[in-house]
Amino acid sequence: MAFVLELKTASSQPYIKNYVISIVREFGINALVHQQNGKVIAAFASEHPKLRQCLEAIAERLPASCFLTGSNHYEIEGEPDALPEYRPEYPLGLGLCPSCQKEMFDPSSRRYYYPFTSCSHCGGQYGFFTAFPYERANTSFSFFRPCTTCEEETKRAGLREHHRINSCHECGVPVRLMNKENERYANDAGSFRTMFEVAAKALKDNKRVLVKTTMGYRLFYTIDQVHNDSILMMIKAENITNHLSLIEAEFNALLSIERPILHVAVKDKTLKEKLGNTIDVKYPDDGFSILLAKELQRLGEDFVAYEAADVDTKADILMDYDLEVAAQEDLRLFINKDSMFFAEGERVSFPSKLAPSVNTLSVAHGLVGIVDDDVMLFDKMEHFDSVEVERSVVLHGDGRQWHSNQREMEQDEASFMSVIAEHHRFGTKCIGVHFDEEPSFLYYDGKKVIRLVPPKAFHPAELLENMATLREGSDRLVMNLKDKMPDVYAKLEALQMRDGVTLFEATAIILGLEDESMRGVTKEALKFIGKGGLQMDTRVKDNRFDHTAFLSSIVSYQLAGVDTPLLSYSIFESFGDYFSELLQEIRGKTKAETIVLCGSHFANQSLFSRMQRNLKQTPPLMNINYPIGKENAVVGGVYL
């Protein structure tokens with residue numbers, strides 16, 4: 001008989017499976033471990049004397065994951081007759097696993113306060129990766145020869161077997177801390193701890209500290225310097241719910257191995273006065289952030305603010321080292337009580353593989369998809385040398401000729417197709433909407449994608465004149481706007497002379513928001529605590545969304561004195577009704593089996609909740625392993 005452990009996971013990435021394999025190999029137990037159909041399935045030789053110890057180690061050391069949703073165990077006939085094998089195919093940017101964190105804070109460890117600590121299945125490995133195949137020679141760690149102990153560790157069964165960038169204090173990377181007056185180096189446990197103590201004290205003194213983490217440069221500062229692009233890093237887990245209002249799923253995701261950024265509600269009154277009602281938050285992920293957070297905890301801090309930066313960002317203190325790091329865009333996760341999906345970002349989603357293979361090169365947003373045996377491999381373009389393909393599909397506007405047989409793809413069509421590919425709905429009829437600044441309605445007939453209601457780019461030129469002539473009496477609306485809201489009128493007038501203006505920038509201006517973007521409108525909508533909204537004008541004119549009618553209706557409500565949070569909420573509620581009604585109408589005409597939602601604007605609590613309610617009988621499909629935003633285009637492009 002074999003003992004079987006099943007772990008339910010929505011992710012197709014192999015890091016949880018490989019973590020289990022490493023522990024199994026460490027205990028020397030014959031087993032079969034594979035991943036399929038949303039499960040990691042491990043079948044063990046049930047009579048092995050260390051089986052209980054191995055299972056206890058898995059329970060204790062396996063990192064929490066956003067994707068792990070449950071487990072099961074049972075027995076089956078048969079006995080595995082060999083140790084499971086694995087080879088790391090590509091690196092990922094993940095948080096540190098429990099074992100690596102424990103080692104980093106163990107004074108007897110070779111990696112005590114060593115910020116580059118990681119194992120084969122965690123940490124910021126991706127930042128040091130330079131090219132396929134994933135070997136040490138193809139990382140920036142190739143310049144550092146591992147010591148005998150580290151090299152032996154990579155050959156021994158356990159969490160660091162095959163670890164490509166394994167290092168410790170003896171063979172690792174020295175780090176320097178610099179300000180205008182002096183420079184200090186750290187290359188052992190004592191000097192590293194002192195370095196992070198100094199950096200934490202500088203932050204406590206309201207200094208700006210620029211740190212080259214294993215995930216890229218980050219600028220840290222106190223909450224007094226927070227702005228729209230800031231992220232609040234919570235550094236003391238037990239106090240998180242004192243400051244933030246989180247549902248259980250949000251709390252668990254924050255501390256997961258994926259370490260996503262979440263947009264959550266602020267609970268503490270003092271924080272609300274400084275940060276507003278909602279804020280982007282994260283928990284420390286890599287060694288640098290974790291060690292800095294530890295020293296800030298010792299100083300009595302529960303959080304610190306930071307933003308993604310580069311080497312030229314101005315700061316009072318710089319923590320740096322002589323290795324190149326390629327940063328990925330951080331993962332932003334959307335969560336409500338019923339659903340969870342990636343809103344945007346590259347981390348965790350790339351590199352990745354997806355079946356089936358197609359002899360096509362896909363290019364979008366600096367990412368490419370190429371054939372790798374019988375599947376497609378997706379990653380940043382710079383990690384590949386050359387590839388032979390039959391054709392290439394390139395995102396519209398890229399402008400480069402990659403292949404003689406090349407065609408362009410549109411973002412909405414590629415995003416739509418990426419969902420169909422992830423859910424393997426090839427050959428079935430699907431309809432959907434893509435929403436990223438402009439809505440677009442699409443239909444997949446089982447072979448190709450067709451735009452039913454294409455997006456209409458927003459052009460602010462003559463906006464005020466179009467509003468004045470929209471219908472009889474509309475001229476009075478514009479006159480009232482000029483008289484009663486002169487600042488807004490002046491901004492709209494100036495807007496008419498600019499290019500590249502988005503619909504939600506104009507919306508935010510009419511609402512009088514400081515953050516003149518979709519983000520600003522979204523945050524304002526989250527302030528609304530009522531149940532029902534107002535109806536915005538979301539009509540279609542000439543088979544396109546009518547921008548003028550939509551903005552005019554917002555102006556009308558503003559002039560009527562409607563509260564801005566209610567008005568902002570109503571905008572997304574109205575979009576939700578508009579999308580749902582049109583989707584159901586199209587579904588009835590096409591007899592489509594599936595509804596698809598894609599586009600970054602669906603990562604909005606008000607809008608998405610409305611869509612869930614309206615489409616309760618026909619729950620829509622969305623991306624699983626890939627973001628619903630622009631990054632999924634490279635995936636869908638392969639299969640268009």
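**Close-up views of strand pairing and cavities**

**View 1. Pairing of strands E10 and E11.** Ser245 stands opposite Ala265 in E11. The model shown here and in the other views is predicted. Strand E10 covers residues 244–245 and strand E11 covers residues 262–266. The two strands run antiparallel and are joined by 2 bridges.

**View 2. Pairing of strands E11 and E12.** E11 also pairs with strand E12, which spans residues 278–282. This pairing is antiparallel and comprises 4 bridges. Across it, Val264 stands opposite Ile279 in E12. In a regular strand, side chains alternate between the two faces of the sheet.

**View 3. The largest cavity.** The structure contains 2 cavities of 30 Å³ or more, and the largest has a volume of about 60 Å³. Its lining includes the residues Pro115, Phe116, Thr117 and Ser118, as well as Gly123, Gly124 and Gln125. Leu96, Phe128, Ile165 and Thr214 also line the largest cavity. By class, this lining has 5 nonpolar and 6 polar residues, with no charged residue.

**View 4. The second largest cavity.** The second largest cavity holds about 40 Å³ of space. Ala326, Ala327 and Gln328 are among its lining residues, together with Gly93, Gly124, Tyr126, Gly127 and Met215. The lining divides into 4 nonpolar and 4 polar residues, and none is charged.

**View 5. Gly124 at both cavities.** Gly124 lines the largest cavity and also the second largest cavity.

How values were computed
Residues numbered from 1 in each chain as written. Predicted model: local features only at pLDDT ≥ 70, side-chain atom pairs only at ≥ 80, totals over all residues. Heavy atoms only, no water. 1 Å grid on protein atoms, 1.4 Å probe; cavity = no way out; pocket = protein on both sides within 12 Å on 5 of 7 lines; lining within 4 Å. Points joined across faces, edges and corners; volume = space filled by probe spheres on them. Nonpolar A, V, L, I, M, F, W, Y, C, P; charged D, E, K, R; others polar. Pairing = 2+ DSSP bridges.
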